[in-house]
Amino acid sequence: MNNIVKTGLSFIFGAVCGGIVAYEISKRKFSERLETELAKAREMYHPVEKRKISIDPECKKESFVAEESDKEEKEKRAAEEKEYKNYSSFYKAESEETVVPESDIPKVPKPYVITPEDYGSMGYNEVSLTYYADGMLTEEGKKKRLSIKNTIGEENIKHFGEYSQDALYVRNEEKEIDYEVLKDERVYSDVFPNNTGDKKE
């Protein structure tokens, strides 16, 4: 048993020593690599003024001529940019002053009367309404009163009897609904006696 313990302890001791040695070697290797990379970076990004550069007198003359031509090019570019800016400001001022007249803005038509054949032809929702003798409008078989102005339009009520004596067909393009309005000779309060306080939609 002592032999097994000794072997185990020596194995652990060897592993620890090997790990420490490997750590130190890799630490030295990477620190050297880091130093060389930093030196390269310092050299690359070092300011130009501090670098030692030997300049040939012939090169000085050429660089002076090049600088002069660069100045001329910069002046030309600046003049072109000024012209461009002037044009763009001209167009901006023109577009800001332009006001679209209300007559050019497309308006959605008010509800209008359609023929019985046109009813449902646009693919709009189809809704049946009931128009009572006292001027109340509801969805067919429902108590809730509807606003004539917001659904079929007040001026369209006059068109009962154009295509059918008891029916009127109205298209509301804003709501995308085709209305079938059926005339009822009864009074709303007779059909729904306990619903007099209901508000119109």
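Okay, let's start at the hairpin of S2 and S3: 4 residues sit between these strands, and Gly135 in the turn has a positive phi of about 90 degrees. When I say strand, I mean a DSSP run of E, at least two residues long, while a helix is a run of H or I of at least four, and both are numbered from the N terminus. Two strands pair when DSSP finds at least two bridges between them. S2 and S3 pair in the antiparallel sense, over 3 bridges, and Tyr131 stands opposite Leu137 in S3.

Before going on, a word on what we're looking at. This is a predicted model, where local features need pLDDT of at least 70 and side-chain atom pairs count only at pLDDT 80 or more, though totals for chains, interfaces and linings use all residues. Residues are numbered from 1 along each chain as its sequence is written, and side-chain values use heavy atoms, with hydrogens and water left out.

Now the overall layout. The chain has 4 helices and 5 strands, and from the N terminus the elements run α-α-β-β-β-α-β-β-α. Of its 201 residues, 20% count as buried; buried means under 20% relative accessible area, exposed means over 50%, and partly exposed is in between, with a 1.4 Å probe and protein chains only. For contacts, the cut-off is heavy atoms within 4.5 Å. Among contacts between residues at least 6 apart in sequence, 62% join residues at least 24 apart.

So how are the strands arranged? They form an open sheet of 5 strands in the order S1-S4-S5-S2-S3, with mixed pairing. The edge strands are S1 (112-113) and S3 (137-139), and each of them pairs on one side only. As a reminder, strands of a sheet pair through backbone hydrogen bonds, either parallel or antiparallel.

S1 and S4 pair in the antiparallel sense over 2 bridges, with Val113 standing opposite Val170 in S4. Then S4 (residues 167-172) pairs with S5, again in the antiparallel sense, over 6 bridges. Here Ala167 stands opposite Leu182 in S5. On its other pairing, S5 meets S2 (residues 125-132) in the parallel sense over 8 bridges. In that pairing Leu129 stands opposite Val181, and Tyr132 has Asp184 as its bridge partner.

Why is S5 (residues 177-184) described as largely enclosed by the rest of the structure? Because 6 of its 8 residues are buried.

Next, the loop between S4 and S5. The hairpin of S4 and S5 has 4 residues between the strands. Two of the loop residues are worth a look. One is Glu176, with phi near 55 degrees, a positive value in a residue other than glycine. Glu176 is partly exposed, with a relative accessible area of 47%.

The other is Lys175, which also lies in that loop. Lys175 is partly exposed too, at a relative accessible area of 41%. Leaving aside neighbours within four places in sequence, Lys175 is in contact with Asn150 and Thr151. Its side chain reaches the backbone oxygen of Asn150 at 2.8 Å; that's a polar contact, a pair of N or O atoms within 3.5 Å, where within protein one must be able to donate a hydrogen and the other to accept it, and residues adjacent in sequence count only if both atoms are side-chain atoms. The C-alpha atoms of Lys175 and Asn150 are separated by 9.6 Å, and the two residues are 25 apart along the chain.

Over in strand S4 we find Asn172. Is Asn172 buried or exposed? Asn172 is buried, with a relative accessible area of 3%. Its side chain reaches the backbone oxygen of Thr151 at 2.9 Å. Not counting residues up to four places away in sequence, Asn172 touches Pro111, Asn150, Thr151, Ile177 and Tyr179.

Some of those names come back in my last topic, the largest pocket. This pocket is lined by 12 residues, and Lys110, Pro111, Lys149, Asn150 and Glu174 lie nearest its centre. By type, the lining divides into 3 nonpolar, 3 polar and 6 charged residues. That's it from me.

Note on methods. On a 1 Å grid over the protein atoms alone, a cavity is a set of points where a 1.4 Å probe fits but cannot get out, and a pocket is an open set with protein on both sides within 12 Å along at least five of seven lines; lining residues have an atom within 4 Å of a point. Ala, Val, Leu, Ile, Met, Phe, Trp, Tyr, Cys and Pro count as nonpolar, Asp, Glu, Lys and Arg as charged, and the others, Gly among them, as polar.
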